[in-house]
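Here is a friendly walk through one protein chain. Have the viewer open as you read, and follow along from the helices to the individual side chains.

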Amino acid sequence: MAYIRGGGGVTPPLKGSFPLDHEAECKDSMKEFLVCLKSNSSEHHKCRSLSKAYLTCRMNKGLMAEEDLDELGFKHKVIIEKNEKDDKKERSGFIGGLSVKPVK
């Protein structure tokens, strides 16, 4: 068992904790969001409306504190532009991190 020395206190998360959805009240909206993420290669901005619906469901069911969705990152419309120059290496077969040698 690990012991922490120095008496430094543990700091709680910024938004606090929230209860798990034991009654599966928002399970459908959560599943829709996860399916969207999977089908869009985890590009979350493509599933923004489903994320918003899931958080709204949690707030409506009392599973998290009511908060303005603008404060949760839904204020601005996300515009993602892919630059062909950025993908040049990946299209030629480059995989980042393969040439990194471990530190001894």
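## How the helices pack

Helix α1, residues 27–39, packs against helix α2, residues 48–60, with about 160° between them and 9 Å separating their axes. Because angles over 145 degrees fall in that class, α1 is roughly antiparallel to α2. On the α1 side the contact is made by Ser29, Met30, Glu32, Phe33 and Cys36, while α2 contributes Leu50, Ser51, Tyr54 and Cys57. The crossing of the two helices is left-handed.

Please keep in mind that this is a predicted model. The protein chain as a whole has three helices and zero strands, and reading along the sequence gives the pattern α-α-α. Of its 104 residues, 15% count as buried. If we take the contacts in the protein chain with a separation of 6 or more, 48% of them involve residues 24 or more positions apart.

## The nonpolar core

Which residues make up the largest nonpolar core? There are five in all: Leu55, Met59, Met64, Leu69 and Phe74. As a general background, nonpolar side chains in soluble globular proteins tend to be buried together.

Setting aside neighbours within four places in sequence, Leu69 is in contact with Lys52, Leu55, Thr56, Met59, Phe74 and Lys75. Among these partners, Leu55, Met59 and Phe74 are also members of the core.

Now turn to Lys52, which sits in helix α2. Its relative accessibility is 36%, so Lys52 counts as partly exposed. With neighbours within four places again left aside, Lys52 is in contact with Leu69 and Phe74, both of which belong to the largest nonpolar core. The C-alpha atoms of Lys52 and Leu69 are 7.6 Å apart in space, although the two residues are 17 apart in sequence.

In general, side chains of opposite charge can pair when their charged atoms come close.

Lys46 is found in the loop between α1 and α2. Beyond its neighbours within four places in sequence, Lys46 is in contact with Cys36 and Asn40. Between the C-alpha atoms of Lys46 and Phe33 the separation is 10.0 Å, for residues 13 apart along the chain.

## Backbone and exposure

Another is Ser41, with phi near 50°, and Ser41 lies in the loop between α1 and α2. Ala24 is partly exposed at 38% relative accessibility, whereas Ser41 is exposed at 59%.

Asn60 is found in helix α2 and counts as exposed, with 59% relative accessibility. From Asn60 to Cys26 the C-alpha distance is 9.7 Å, and 34 residues separate the two in sequence.

For quick reference, here are the accessibility values for several of the residues visited above.

| Residue | Relative accessibility | Class |
|---|---|---|
| Ala24 | 38% | partly exposed |
| Ser41 | 59% | exposed |
| Lys46 | 47% | partly exposed |
| Lys52 | 36% | partly exposed |
| Asn60 | 59% | exposed |

Conventions:
Residues are numbered from 1 along each chain as its sequence is written. This is a predicted model: local features need pLDDT of at least 70, side-chain atom pairs count only at pLDDT 80 or more; totals for chains, interfaces and linings use all residues. Side-chain values use heavy atoms; hydrogens and water are left out. A nonpolar core is a set of buried Ala, Val, Leu, Ile, Met, Phe, Trp, Tyr and Cys residues joined through side-chain atoms within 4.5 Å. Buried means under 20% relative accessible area, exposed over 50%, partly exposed in between (1.4 Å probe, protein chains only). Contact means heavy atoms within 4.5 Å. Axes are lines fitted to C-alpha atoms, for helices over the stretch in contact, and angles run from 0 to 180 degrees between N-to-C directions. Helices (H or I, at least four residues) and strands (E, at least two) are DSSP runs, numbered from the N terminus. Angles under 35 degrees count as roughly parallel, over 145 as roughly antiparallel, 65 to 115 as roughly perpendicular and the rest as oblique. A crossing is left-handed if the near helix is turned anticlockwise from the far one by less than a right angle, and right-handed if clockwise.
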